[in-house]
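I shall present one protein model today, with attention to its charged side chains.

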Amino acid sequence: MPAPDEAATLELVATNRKAFHDYFISDKVEAGLVLKGTEVKSLRAKRCNLKDSHARIDPKGNMELMNFHISPYEMGNRYNVDPTRSRRLLLHKREIDKMAAKVAIKGMTLVPLRVYFRKGRAKVELGLGKGKAGHDKRESIKKRDTDRELRQAMKARQR
């Protein structure tokens with residue numbers, strides 16, 4: 001978690017709430033994004049979608065973010081690029097190797113959790129996720145509902 005003074009420098013762009021519904025998230029890592037100029041402008045306007053996106057490690061040992069949709073910038077004309085192109089992620093080699101070892105375990109995948117700007121740089125938070133089965137999703141929904149009811153009861157009791 002960022003320090004309190006750093007939290008003010010975070011400009012949240014998008015979150016992937018569905019990731020927490022579909023996966024058990026164990027580890028998290030922050031990575032930089034390699035973007036073109038018009039993509040940065042679209043991100044600042046919060047015109048992106050993390051749904052169905054994932055990260056993978058290519059044969060050269062680089063990490064890429066796949067299916068991350070950044071809408072074309074309105075004023076970008078010929079400088080706009082393909083909205084769902086693969087984008088390179090900036091991580092240290094040892095971090096990539098550590099994640100590659102964990103992804104090699106069956107059922108594990110790298111899921112983007114949120115995109116934000118920190119000190120003017122585009123960052124993505126990746127989570128190491130293991131897919132949930134149908135009964136796990138129902139259990140999560142049930143837990144969330146009981147927690148909500150408990151909070152409401154406590155709130156009503158304090159009045």
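**A buried charge and its partners**

Let me begin with Glu 39, which is buried because its relative accessibility is 3%. Here, buried means under 20% relative accessible area, exposed means over 50%, and partly exposed lies in between, with a 1.4 Å probe and protein chains only. Please note that this is a predicted model, in which local features need pLDDT of at least 70 and side-chain atom pairs count only at pLDDT 80 or more, while totals for chains, interfaces and linings use all residues. Residues are numbered from 1 along each chain as its sequence is written, and side-chain values use heavy atoms, with hydrogens and water left out.

With which residue does Glu 39 form a salt bridge? The partner is Arg 85, and the closest N and O atoms are 2.7 Å apart. By salt bridge I mean a side-chain nitrogen of Lys or Arg within 4 Å of a carboxyl oxygen of Asp or Glu. This pair links distant parts of the chain, 46 residues apart: Glu 39 belongs to helix α3 (residues 37-44), and Arg 85 to the loop between β6 (69-70) and β7 (87-90). Helices (H or I, at least four residues) and strands (E, at least two) are DSSP runs, numbered from the N terminus.

A second salt bridge joins Glu 74 to Arg 47, at 3.2 Å from N to O. Glu 74 sits in the loop between β6 and β7, and Arg 47 in the loop between α3 and β3 (48-49), so this pair ties together parts that are 27 residues apart in sequence. Glu 74 is exposed, at 56% relative accessibility, whereas Arg 47 is partly exposed, at 34%.

The next pair is Arg 148 and Asp 145, whose closest N and O atoms are 3.3 Å apart in their salt bridge. Both residues lie in helix α5 (residues 134-158), three residues apart, or about one turn of the helix. Arg 148 is partly exposed at 36% relative accessibility, and Asp 145 is partly exposed at 26%. Elsewhere, salt bridges with shared partners join Glu 39, Arg 85 and Arg 87 into one network.

Let me now turn to the whole protein. How many salt bridges does a search of the whole structure find? The search finds 11. The protein has five helices and nine strands, and of its 159 residues, 33% count as buried. Along its principal axes, the C-alpha trace spans about 60 × 40 × 30 Å.
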